[in-house]
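Keep the sequence and the model in view as you go.

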Amino acid sequence: MTVPDRTVSSGLYQRVCLSETQLEFPGLPYSVSVLKPGFCLPQSDGTFRADGTITLLTGPRTVLVDTGGPWDRDFLLQSLGDRGMGPGDINVVVGTHGHSDHVGNLNLFPSALMIVGHDVSEGDRYRPNRLAEGHAFIIDEHVSVHPSPGHTGQDVSVQVRGTSAGTVLIAGDLFESSSDDNTWRNLSLNPAVQEVSRQNALQAANIIIPGHGLPFRVVRN
Ligand SMILES: [Zn+2]
C-alpha cells in the first residue's frame, strides 16, 4: 500500500507526509534509515495495536533510536543482520522515552552508551548530564540529543545535521504522526509543555520522524 503525500497546514508550518518508500535519508557523515515506521491502530474492541518507530543512524558512530517493543526482538536482529551488523556494532542506543513500545529491546545492547530519557549510562555507570535542565547531550558535531518534554516528563529527540534532506529530527512521541493534531493531546502528560517542544522541533527540522507514523517534511509557509 502506498500512502500519497498528505499536507497538514497549521500556522507557520506545513507538514508533508512522505510515502512509505521514503525511509532512507542518506548523508555525510551520517545517514538515517527508518528500520520500522511505528503505527497506532484502534481496534473494534476498544484496544489499540501500536508500535514505536525504530531508526538507525550510520556514520562515525552507529546509533539506534528506539528499539520497538519486546515483540520486535527478532525483527531488530534480522534488520541489523541485513545491514551486515550485529547488536555489538551499535555504539549508542537512545530511548526517546520509557514506554514499552519504544524501549522493549534495550538488553540487546549492554555495551552501548545508553541514553533513555534523561538517563545516560554505560553499563551500570550513570553519567551526570544536563538534559533535565534543558541542555542538549552532544554525541558529536552532527548528532545531538535534545530534551523535548510533554508526552512524558523526560522525552528526548535526536537531531541529525547534514543529511541530503537537511536536518532530520527523530522525535519519538513528540509527534505521533504527520497528522496528529486531533490525537496527540490525549496522549500527553503535559500538552502545554509539549506544544512548546513541538514548535521548537518544527522550527529546527527539515524532516521529522514521528513515533507512530511515516516521516514528514516541514515546509515553512
Ligand atoms: Zn509513548
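Buried means under 20% relative accessible area, exposed means over 50%, and partly exposed lies in between. The model is predicted.

**Exercise 1.** Check the length of helix α2, residues 191-204.

*Solution.* Step 1: α2 has 14 residues. Step 2: at 1.5 Å a residue, α2 should span 20 Å. Step 3: its end C-alpha atoms are 20 Å apart, so the two values agree.

**Exercise 2.** Find which residues of α2 are buried and which side of α2 they take.

*Solution.* Step 1: Gln194, Ser197, Arg198, Ala201 and Leu202 are buried. Step 2: they cover an arc of only 135° around the axis, so they sit on the same side of α2. Step 3: recall that an α-helix has 3.6 residues a turn, so residues three or four places apart point the same way. Step 4: Ala192 and Gln203, on the other side of α2, are exposed. Step 5: the cover over the buried residues includes β2, β16, β17 and β18.

**Exercise 3.** Classify the partners in the salt bridges of Asp181 with Arg15 and of Glu24 with Arg83.

*Solution.* Step 1: in the bridge between Asp181 and Arg15, the closest N and O atoms are 2.7 Å apart. This pair links distant parts of the chain, 166 residues apart. Step 2: Asp181 has 30% relative accessible area, so Asp181 is partly exposed. Arg15 has 3%, so Arg15 is buried. Step 3: Glu24 and Arg83 meet at 3.4 Å, N to O. Step 4: Glu24, at 45%, is partly exposed. Arg83, at 34%, is partly exposed too.

Conventions: Residues are numbered from 1 along each chain as its sequence is written. This is a predicted model: local features need pLDDT of at least 70, side-chain atom pairs count only at pLDDT 80 or more; totals for chains, interfaces and linings use all residues. Side-chain values use heavy atoms; hydrogens and water are left out. Helices (H or I, at least four residues) and strands (E, at least two) are DSSP runs, numbered from the N terminus. The expected span of a helix is 1.5 Å times one less than its number of residues. Buried means under 20% relative accessible area, exposed over 50%, partly exposed in between (1.4 Å probe, protein chains only). The arc is that of the directions from the helix axis to the C-beta atoms. Contact means heavy atoms within 4.5 Å. A salt bridge is a side-chain nitrogen of Lys or Arg within 4 Å of a carboxyl oxygen of Asp or Glu.
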